[in-house]
Amino acid sequence: KQCVWLRSYLRAAADHLLVWANIVNSRKVHDDSEVVNPPRPYLTLARGAIEASAQAGWVMLGTDDKERTLRHLRLMYHDLRY
C-alpha cells in the first residue's frame, strides 16, 4: 500500500510537469497567433511538481523500514487531515 500511495505523489508531480510542457511547448501553433506566457502559472505548476515529488522522496529516504513506515503514516495522516 505504501508503494501505491507514493506512486500517486510521483504521478501528481509528473502530471504537473506534463501540463507545464503542453503549455510552454504546445503541439499546435498557428502562424498568426501571438504567444503571451506570463510566468506565474508556470511557477505554480513547478511548485506543485516539486512538492509532490518531495513528499514521496522524503518517505523513501528513511533510514530503515520502520522509519519509512512511520514517515508514510505521518504523510497519510496529514493528507487525510487536509
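## Terms and model

Helices (H or I, at least four residues) are DSSP runs, numbered from the N terminus. This is a predicted model, in which local features need pLDDT of at least 70 and side-chain atom pairs count only at pLDDT 80 or more, while totals for chains, interfaces and linings use all residues. Residues are numbered from 1 along each chain as its sequence is written, and side-chain values use heavy atoms, with hydrogens and water left out.

## Helix H3 and its faces

Helix H3 covers residues 65–81, and its 17 residues reach 24 Å from the first C-alpha to the last, close to the 24 Å expected at 1.5 Å a residue (the expected span being 1.5 Å times one less than the number of residues). Its buried residues are Arg-71, His-72 and Leu-75, where buried means under 20% relative accessible area, exposed over 50%, and partly exposed in between, with a 1.4 Å probe and protein chains only. Seen down the axis of H3, these buried residues fall within an arc of 100°, so they line one face of the helix; the arc is that of the directions from the helix axis to the C-beta atoms. The face turned away from the buried side carries the exposed residues Lys-66, Tyr-77, Leu-80 and Arg-81.

## Salt bridges

The structure holds 3 salt bridges, each a side-chain nitrogen of Lys or Arg within 4 Å of a carboxyl oxygen of Asp or Glu.

How values were computed. Helices (H or I, at least four residues) and strands (E, at least two) are DSSP runs, numbered from the N terminus.
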